[in-house]
Amino acid sequence: MQHSSLSIVPMLLALFVAASPASAQTITAQGPVVYGHHHFNTTDMAAQKRFFVDTLGGKAATIGTNNTEVIEFPGVFLFFRPMQKPTGGTIGTTVNHVGFSVPDLKPVVAKLKANGYKMITSDSVAATVKITDDIAAASPTTNIAFTLGPEDIKVELVEVKTQKAPIQLHHVHFFGEHRDEMQAWYAKVFGATANPANPASAFVTDALPGVTLSFSPSQTPVVPTQGRALDHIGFEIKNLEAFTKKLEADGIPLTVAYRKVDALNLSIAFIKDPWGTNIEMTEGLTNIK
């Protein structure tokens with residue numbers, strides 16, 4: 001990715017801005033299972049901050065007694081494994097992209113382009129969809145745009161004109177050869193509400209408090225997320241230990257056993273969905289401020 005020379009100075013200055021401690025509560029959705037975090041592999045944390053903080057408007061912060069660096073958006077934490085080289089971007093994996101919503105797309109897209117980020121809207125929507133200045137009219141009431149961030153992290157931006165926050169979590173978009181089975185699995189395992197299929201749409205959705213899980217058919221095989229730029233997704237779960245025991249009773253093995261992470265005051269466990277999506281489950285993110 002090439003950045004214009006005009007953007008180099010503010011980018012370099014951003015490297016010297018220290019992350020502040022987390023302040024406002026990030027995960028505010030209510031329910032037994034809500035969305036919690038995206039976890040990325042990266043070899044360039046400064047580039048991630050330029051994209052997610054300086055350009056998209058997230059907040060750099062530190063959490064825990066070990067001062068773990070995170071980026072906060074309303075509804076989601078972004079965690080990173082610094083110096084972990086990803087084996088590829090998000091495209092081609094079971095989680096094709098993550099989505100944020102904004103009240104007005106035009107200034108956001110303009111800022112992305114001014115800062116040198118590639119817009120991939122035309123590559124991401126049907127050829128029949130009208131695109132103007134890299135913004136697609138997905139429906140008479142919905143405008144969307146797609147961009148490619150550092151290390152080929154694909155991000156969708158959805159315009160929600162009534163939204164008060166400048167930007168917030170919107171959705172996680174899965175791709176696979178078994179769209180309907182994926183929708184049913186996430187509804188069953190995490191208690192999401194499966195929405196009826198819309199004949200006019202190529203994808204189906206599940207609803208959880210604060211996030212939409214979208215599922216699109218893929219005409220080509222997809223690969224698991226582990227090791228890629230988006231290594232895993234994360235759900236915040238009340239009574240996590242009991243939840244993991246139920247998973248095992250239902251025949252879903254834990255890939256990382258339930259344990260406590262004292263430095264972050266969290267409990268965690270991992271599973272994988274049947275198509276290879278790496279999933280972390282946490283308890284305690286809702287208490288981090």
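**Strand S19 and its surroundings**

Trainee: In S19, what is the bridge partner of Lys272?

Mentor: The bridge partner of Lys272 in S19 is Asn278. This is a predicted model, in which local features need pLDDT of at least 70 and side-chain atom pairs count only at pLDDT 80 or more, while totals for chains, interfaces and linings use all residues. Residues are numbered from 1 along each chain as its sequence is written, and side-chain values use heavy atoms, with hydrogens and water left out.

Trainee: How many bridges does S18 form with S19?

Mentor: Six, in the antiparallel sense. Two strands pair if DSSP finds at least two bridges between them. Strands (E, at least two residues) and helices (H or I, at least four) are DSSP runs, numbered from the N terminus.

Trainee: And what lies between S18 and S19?

Mentor: Five residues separate the two strands of this hairpin, and Gly276 in the turn has a positive phi of about 105°.

Trainee: Which sense does S16 take with S19, parallel or antiparallel?

Mentor: Parallel, over four bridges. There, Phe235 has Met281 as its bridge partner in S19.

Trainee: Changing topic, which residues touch the most other members of the largest nonpolar core?

Mentor: Of its 58 residues, they are Phe52, Leu157, Tyr186, Phe190, Ile233, Phe235 and Met281. Such a core is a set of buried Ala, Val, Leu, Ile, Met, Phe, Trp, Tyr and Cys residues joined through side-chain atoms within 4.5 Å. Helix H5 (residues 179–190) contributes the largest share of this core, five residues.

Trainee: How many aromatic pairs are there?

Mentor: The structure holds 19. Rings of Phe, Tyr and Trp (its six-membered ring) pair if their centres lie within 6.5 Å; planes under 30 degrees apart count as stacked, over 60 as edge-to-face and the rest as tilted. The rings of Phe52 and Phe80 have centres 6.5 Å apart and planes at 55°, so this pair is tilted.

Trainee: Where do Phe52 and Phe80 lie?

Mentor: Phe52 lies in helix H2 (residues 45–55) and Phe80 in strand S5, so the pair ties together parts 28 residues apart in sequence.

Key:
Buried < 20%, exposed > 50% of the residue type's maximum accessible area, 1.4 Å probe, protein only.
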